[in-house]
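Here are a few notes to read alongside the model. Take them in any order you like.

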Amino acid sequence: MSNSSTTTTNSATVNGGISSPATAGLKAYFKTPEGRYTLHSEKSHPSTLLHYSHGKTVSQVTLANLKEKIASSTPTSSSGYSASSSVRSAAAKLLGSNNGGRALSFVGGNGANKAVAAATKTATFGSSSNGSSSPITSFDGKGMYIIYNVGDTLYISDLNSQEKDPIKSIHFASSNPVCHTFNPEAKDGHDLLIGLNSGDVYTVSLRQQLQDIGKKLVGAHHYNKDGSINNSRCTSVAWVPQVNGFFVVAHADGNVYVYEKGKDATVDSSFPLIKDPTQFSIAHAKSSKSNPISRWHICQGSINRMAFSVDGTHLAVVGRDGFLRVFDYQKELLVCGGKSYYGAILCCAWSMDGKYILTGGEDDLVQVWSMEDRKVIAWGEGHNSWVSGVAFDPYWSPPSSDSTGENVMYRFGSVGQDTQLLLWDFSMDEIVVPLRRCPPGGSPTYSAGSQSAQWDSVVPLGSLQPAPSMRDVPKLSPLVAHRVYTDPLSDLVFTQHSILTACREGHVKVWKRPGSSETILGDSETANAIEKHPIPSASGSDCK
């Protein structure tokens with residue numbers, strides 16, 4: 001099943017150093033039909049900064065493409081206020097004059113006009129990081145960055161750099177960051193969305209954080225402060241695609257809240273009591289001045305992950321109760337959903353065309369759901385423990401692509417607590433539907449996967465289905481199985497030139513695609529097809 005190489009790295013050097021016991025014996029590359037993926041770099045964190053009292057949170061990965069900074073002619077100063085005048089001037093231009101006089105206050109006061117600290121390692125391949133502690137007014141932070149959470153800290157690393165240590169760390173004093181996502185198209189500079197274990201939510205400018213020398217958030221907008229709306233843990237956050245200025249936050253009590261970014265709530269934002277916790281319901285804010293603007297009660301148990309389709313039409317939500325639920329976001333209606341074979345569903349991801357959804361969870365399986373049929377159309381067996389992250393690869397194409405588009409093949413990946421990265425290929429035309437149950441007076445027959453509607457009727461709109469019998473659903477086998485780390489894996493992200501994998505302890509590996517040049521590993525085109533966070537990324541909790 002596995003096409004992994006047999007060469008190990010017992011004494012290999014990675015990032016210029018001897019491999020640690022945690023990486024000893026692990027393979028530094030793996031093979032696929034299109035070629036060899038090689039370990040380009042590892043991103044980690046200073047282990048001395050972790051304290052047992054903070055507890056451990058599962059690390060998720062967000063890939064951020066920071067674009068060209070909008071020029072500002074306003075001179076900078078080292079004001080003692082929470083943000084420098086240069087940043088506030090740029091923010092004013094981006095926000096426009098219609099933001100009103102009650103804009104949310106800035107958080108932190110570390111001097112946003114300063115460059116990265118002198119201790120910060122200078123990244124390679126033309127990174128924007130600088131080792132000087134003096135202010136650099138021309139710093140714009142353009143580039144590709146990896147954001148990952150460990151304990152009470154959010155770390156930022158340069159994707160192109162082979163340095164192991166992060167270039168920036170953001171410390172949270174009273175709670176742990178547990179989920180995050182990035183919006184490269186944010187209009188007002190607040191492009192990074194962060195959810196905390198306490199239920200608090202922040203939006204910040206990633207560029208502004210990189211400019212600052214301190215370890216606290218600067219220029220942040222704070223939502224659900226001290227759990228004023230919902231005091232349960234944030235489990236997943238997502239920007240609403242195609243609509244600027246809105247985001248959604250999922251909580252451990254089964255609720256999702258829709259927020260308008262930058263809106264300062266001036267009235268009571270409470271919602272009515274939920275009449276029937278077992279049923280899906282939506283409540284809208286009583287006033288247009290409230291934020292959040294609506295509450296979606298999804299289920300009784302915890303929500304583990306949610307993800308928007310690329311066009312923003314549908315929202316997929318998976319939870320502790322073992323159900324996938326797919327909603328029409330604009331119409332606020334349940335479209336379809338179904339049950340896992342066993343236990344909770346931990347993660348989900350959309351295909352770029354919005355036709356399929358991946359899920360993974362405590363049944364150790366990866367399932368492929370069809371939006372057309374509104375049901376499971378395939379399941380994949382290969383993991384030996386819970387599946388913690390899934391994602392489609394939008395950059396992969398089969399060696400002989402069908403130009404007509406009728407026979408589309410997909411590549412997707414999964415990571416699990418068994419420490420393995422699995423790659424899968426999937427095409428409806430290549431799936432053989434299992435033996436159909438013999439109808440009365442008839443004979444059992446086989447059917448091609450492209451004729452799935454003939455072997456089972458389409459599931460009715462708005463219904464949640466029980467798990468189908470495994471004998472009635474086509475089975476997939478992984479193309480590649482590669483042991484990535486000694487700790488359980490928690491997330492993965494596909495980029496144009498690499499695959500990112502993260503373990504629960506906050507170590508990220510960057511696997512270079514076959515034929516990719518190191519100098520173009522972080523090409524800005526990557527972000528055009530990324531969802532955290534994608535929208536992860538995933539992405540992951542975008543459950544990344």
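1. Which residue forms a salt bridge with Glu362? It's Arg320, with the closest N and O atoms 2.5 Å apart; a salt bridge here is a side-chain nitrogen of Lys or Arg within 4 Å of a carboxyl oxygen of Asp or Glu. Arg320 sits in the loop between strand 19 (314-319) and strand 20, and Glu362 in the loop between strand 23 and strand 24, 42 residues apart. Glu362 is buried, at 9% relative accessible area, while Arg320 is partly exposed at 48%. Buried means under 20% relative accessible area, exposed over 50%, partly exposed in between (1.4 Å probe, protein chains only). Helices (H or I, at least four residues) and strands (E, at least two) are DSSP runs, numbered from the N terminus.

2. Before you go on: this is a predicted model, where local features need pLDDT of at least 70 and side-chain atom pairs count only at pLDDT 80 or more, while totals for chains, interfaces and linings use all residues. Residues are numbered from 1 along each chain as its sequence is written, and side-chain values use heavy atoms, leaving out hydrogens and water.

3. The salt bridge count comes to ten. One of them joins Glu185 and Lys67 (2.6 Å, N to O), which lie 118 residues apart. Another pairs Lys475 with Glu381 at 2.9 Å; Lys475 is in strand 32 (residues 475-476) and Glu381 in strand 25, so parts 94 residues apart in sequence get tied together.

4. Now have a look at Asp328, in strand 20 (residues 323-328). Asp328 is buried yet has no salt bridge, and the nearest side chain of opposite charge, Lys331, is 4.4 Å away. (Lys and Arg count as positive, Asp and Glu as negative; His and the chain ends are not counted.) A polar atom of the Asp328 side chain does lie 3.3 Å from the backbone nitrogen of Gln330.

5. On to the largest nonpolar core, which has 20 residues. That term covers buried Ala, Val, Leu, Ile, Met, Phe, Trp, Tyr and Cys residues joined through side-chain atoms within 4.5 Å. Tyr356, Val368, Phe412, Phe426 and Leu476 touch the most other members.

Key: Polar contact = N/O pair within 3.5 Å; in protein donor to acceptor, adjacent residues only side chain to side chain.
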